[in-house]
Amino acid sequence: MKLGRHFTVFGSAIFCVVVFSLYLMLDHLQLDHINNPSNGERFENGQLGILQDKIDHLERLLAENNKIIANIRDSVINLRPSVKDGRGFLEAGNESQVLVVPSAPLIVPIDLEDCQFSSQTYSKPEATELLHYFFDNPDGGVWKQGFDISYEENEWDDEPLQVIVVPHSHNDPGWLKTFDDYYRDQTQHILNNMVVKLHEDKRRKMIWSEISYFSKWWDNIDHQKKDAVKKLIERGQLEIATGGWVMPDEANTHYFALIDQLLEGHQWLERNLGVKPRTGWAVDPFGHSPTQAYLLKQAGLSNMLIQRVHYSVKKHFASQKTLEFFWRQNWDQQSSTDILCHMMPFYSYDVPHTCGPDPKICCQFDFKRLPGGRISCPWRVPPQAITDDNVQQRALMLLDQYRKKSKLYRTKVVLVPLGDDFRYTEAQEWDQQFNNYQKLFDYMNSHPELHVQAQFGTISDYFEILRKNVGMDKVGMSVGLSPFPVLSGDFFTYADRDDHYWSGYFTSRPFYKQLDRTLESHLRAAEILYSLAFASVQKFGKPNNYPAAENYKLLTAARRNLGLFQHHDAITGTGKDWVVVDYGTRLFHSILNLKRVIVSSAHWLVLDDKQTYTYDPANPLLQIDEVQPAQDALPRKTMVAFLRALVVYNPSEQTRTSVISIYVTTPHVHVLTAHGQLVNAQISAVWEDVTSVPPLGLAVYQLCKGAEPQSELAHYMFLKAGGDVSVTGTEHFRVSVPQEAVPVSMENPHLQLSISYTTGLLEVKQPTNSQLIKNHCVCCKHAYSHPSLSLSHTTRDIIKEETDLLLLSAAPFRGHHSGSSTLKLKEDGSKHSIKVEFLCYGTTSKKDKSGAYLFLPDGEAMKCSPSQPAVIRVTKGPVFSEVTTTFTHVTHTLRLYNIHGVNGQAVEISNSIDIRGEFNREIAMRITSDLNSKDRFFTDLNGFQVQPRRSMTKLPLQANFYPMTSMAYLEDSGRRLTLLTAQSLGATSLRSGQLEVIMDRRLNQDDNRGLGQGVLDNKITANSFRLLLELFNSRENTAPFSYPSLLSHISYMYLNHPFMPIVTSLDSTVLALAPYSPLSSPFPCDIHLVNLRTIQSQKEEGGPSEQAALILHRKGFDCSISTKNTGLLCRTTGGKVMLTKNGQFLSSLL
């Protein structure tokens, strides 16, 4: 009997014993109640209790049974490496055989503790959820977007007003100039002058936030100046606020990159200055996310400041004196996530809008605008240099503004920022600002009848004085009631005036938003592989030439380039064209360099004999089979030669079943595992107009050429409504071009889709005579070039121990019958209506139009009018089936994977967008379903949490768009429809049952927010999505927050961290490659390995240290969504992960 059968019989026996015991125990329970009633009445009244007890006991036993079965599965998995020759379930022999993986459990075992988090009762009356107000914009007087402020002269008699003026200079790491040009022209001069001017007077202070600039400057100054900087920090004259590599955007950024840029900045500060930031400073991001607040809190910061919030929200908060509040995460039942937040009340962070409500007066105290300078006040009243003759009048004028501003807050401590973009470049400005303000402060402070104390300070100085004023400690809360409210929610979508909503930048330059996500995936993969390889090299001990120092330099550069792109004028797509090219070039080169790290690390890890390792960057042993020719081009697959080993890297922490695609030159090919077993594969054509690059798996394969193909060939059908289509060069494939209308559907083990034969989209239309498909051969548009080979494949852990395969069968195409359903769930046979369409927005005819920042449409979206009928290509195969439709501006692909794993649960949607010839056009994909979602929908924040939304018909259309970093979903009482995305885009739901995503924007004019140009550098952009329909088991949670399902968490991981195929450059017969796995078993389903990041050494050369930062994320998930037949090969464990040497994780590092 086969070894696999022993395991099967053993597991089945235990299962039968458990089930039989279950029924015996229930029967015994019932007999006990029947045979021993105290009286007849008690027996009758106790029947419901008996039934309830039986159900409860059954649930407990079923849960225990699930754990037993899961333990059996894990035991089988762990035993397999010990089987001789690593063959596991296979008998020895020469015949072709296929490995069979353990099937996923019918229902994913969920620890009850894991559900308590998401199903907890919500009771937090002191918290105020941030909801939309009816936004209007009446003239507020001197404070145009506010109201008149008055006060009594004696209000400060008992407690004087404390004024903290915080000098700052906001330095964008790229916007109108590149990062390097800004540094050369302005930033280095600001920092050089700072050292000199702060040392001239100990009362002067300054804050700085962008470590990207500070580190570049630090590397170019001498030791004497470095010592001077350290003295300024020790004396409290210079404060580093936030301490991130940049001041990041908070809408489009993923939390992986937010953490990474914060780590890079904080590690640099610790290594070079020995300081740790205490306060966050974010004056320019276009809206604010609670994710950033949470990360700052976790990084040890106690306070933060924000600025760009909708003007009506500011006005409302000012009227309620809630501009200072504790920002709490919406899932937090206690106060562990609270961070004290200060919201600036006025229009901007420049000097005219920071001293008080009247910008005409405040501008007169921006002494850089003194007559004769290069800038002046737009209100045409210039500043005056402070003299003995005018100091009284000017001090009282300024004090009036300070007092009015303080009336918007609950304490008698007022914050006054003093700065703007790239301020204090010249020494003269330092003297103008500090000397004149010091004279004003001296006058105020020397006149006790004014009841004011004014001084320069840092942002942390302000919060320390504020906390002391209200009886709080420096970092937390003292005993007693806080005067500040607790708020939860986010501050999107930002508007600075009228109906000017900044929802355009959620999508602007989507090509580079997608490139950012690609770099994130490569960086994470490289970090993990490098950490594992570096630890292995150190354990090996013998001399070798593994490039540890060189690879670490490449990693560090990639971290910093990724961090730089998180800047709020980079990932947002709001920079000048040449600045965008500079960002793109940095991302592009980092991806290339990370591939070097990945292949050199993988080479070391899979090499059986480490002593034979050689590092030759000119001729590497391993090569990734995908190349990107330039920073503005899409990646392309490369051809793979035969007799090559294929090493596939799985960067996820879970076992996964997926599909690998590689390009070969002939269909006469078959694939073998490392142990010679034949792999189930599909040979598909590669077409000139569409290149599909699906996710990849992990294994070691051999590509072998044969006389006849041993892999099944895909079949094709072409459709074109009302036109002609010709197909040539397909002698190896079966291709049909039907003459009559052919309804089309495709299916896999989980789903069945009905697809329009005229559009190739998810919709159903009945054929008419005018819509018949013709079969006349004319000029060929679809030319076959070379075959693509796809194989189904299961992987385990970060690097697979053995090759596991899943036997698949092709799903036939069937015509759609009656009804309008377009999606059928095979789990319960339910049918659901889902329609996909592409729409276009124009821009308003008003003076202010859409641009890089603003979305100002000319009304609701209209259907895009194609210039010619769509051409539809239908593919049928044993591994995947797909329908590709070519429209004028969009090439749209729907794909179903014919596998039982996670990837088979969702519809994969790929769109290639090209609007380079359009004028003021924005293209959107709208998904319309029969879900009764009403006006509610959900979008994620930074891939970290989900925020409930409400579509507001009283607001402009553009106000209802929100950032979608990882997903958006709709739900009703029984279903949830989730759209997962591989790039950040703007999304909304304007009607019940609809999801809409803006995929690209081409705008021919500036929107008057400083950029000075439109968005006309569009590229052919690839957008990738997955559409997931799930059923609720129950729906009782009424909390004002939501969680994704466990399946959507894993599906998103698979979408954004695809497998990486690595091809050997030598004949596989001369290589000795051994599988490598650092894990003994997969992680729990809800634990995500965010990163394994080697820490920089404290030595001067700054190479890798022997320490690594392990970052784990336990994800909350919605337990009310069914986990039946999800294909997940993992379970939850109550948040427990073994980290010991003999435990679950990374024994190779310990």
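**View 1. The charged end of K216 sits over the ring of Y183 in this predicted model.** The charged end of the lysine lies 5.3 Å from the centre of the tyrosine ring.

**View 2. R895 lies over the face of F880.** In this second close-up of a charge and a ring, the distance from R895 to the ring centre of F880 is 3.7 Å.

**View 3. F286 and Y853 form one of the 51 aromatic pairs that a search of the whole structure finds.** The two rings are arranged edge-to-face, with 5.4 Å from centre to centre and 80 degrees between the planes. This pair links distant parts of the chain, since F286 belongs to the loop between β5 (279-282) and α9 (290-298) and Y853 to the loop between β29 (834-841) and β30 (862-863), 567 residues apart. Both F286 and Y853 are buried.

**View 4. F326 and F484 form an edge-to-face aromatic pair.** Their ring centres are 6.4 Å apart, and the angle between the planes is 65 degrees. Here too the pair links distant parts of the chain, with F326 in strand β7 (residues 324-327) and F484 in the loop between α14 (459-469) and β11 (486-488), at a separation of 158 residues. F326 has a relative accessible area of 4% and is therefore buried, the cut-off for this class being under 20%. F484 likewise counts as buried because its relative accessibility is 6%.

**View 5. Eight aromatic residues are grouped in one cluster: F365, F367, Y424, W430, F434, Y437, F441 and F456.** Phenylalanine, tyrosine and tryptophan side chains are represented in this aromatic cluster, W430 being among its members.

Methods:
Residues are numbered from 1 along each chain as its sequence is written. This is a predicted model: local features need pLDDT of at least 70, side-chain atom pairs count only at pLDDT 80 or more; totals for chains, interfaces and linings use all residues. Side-chain values use heavy atoms; hydrogens and water are left out. Rings of Phe, Tyr and Trp (its six-membered ring) pair if their centres lie within 6.5 Å; planes under 30 degrees apart count as stacked, over 60 as edge-to-face and the rest as tilted. Helices (H or I, at least four residues) and strands (E, at least two) are DSSP runs, numbered from the N terminus. Buried means under 20% relative accessible area, exposed over 50%, partly exposed in between (1.4 Å probe, protein chains only). A charge sits over a ring if NZ of Lys or CZ of Arg is within 6 Å of the ring centre and within 35 degrees of the ring normal.
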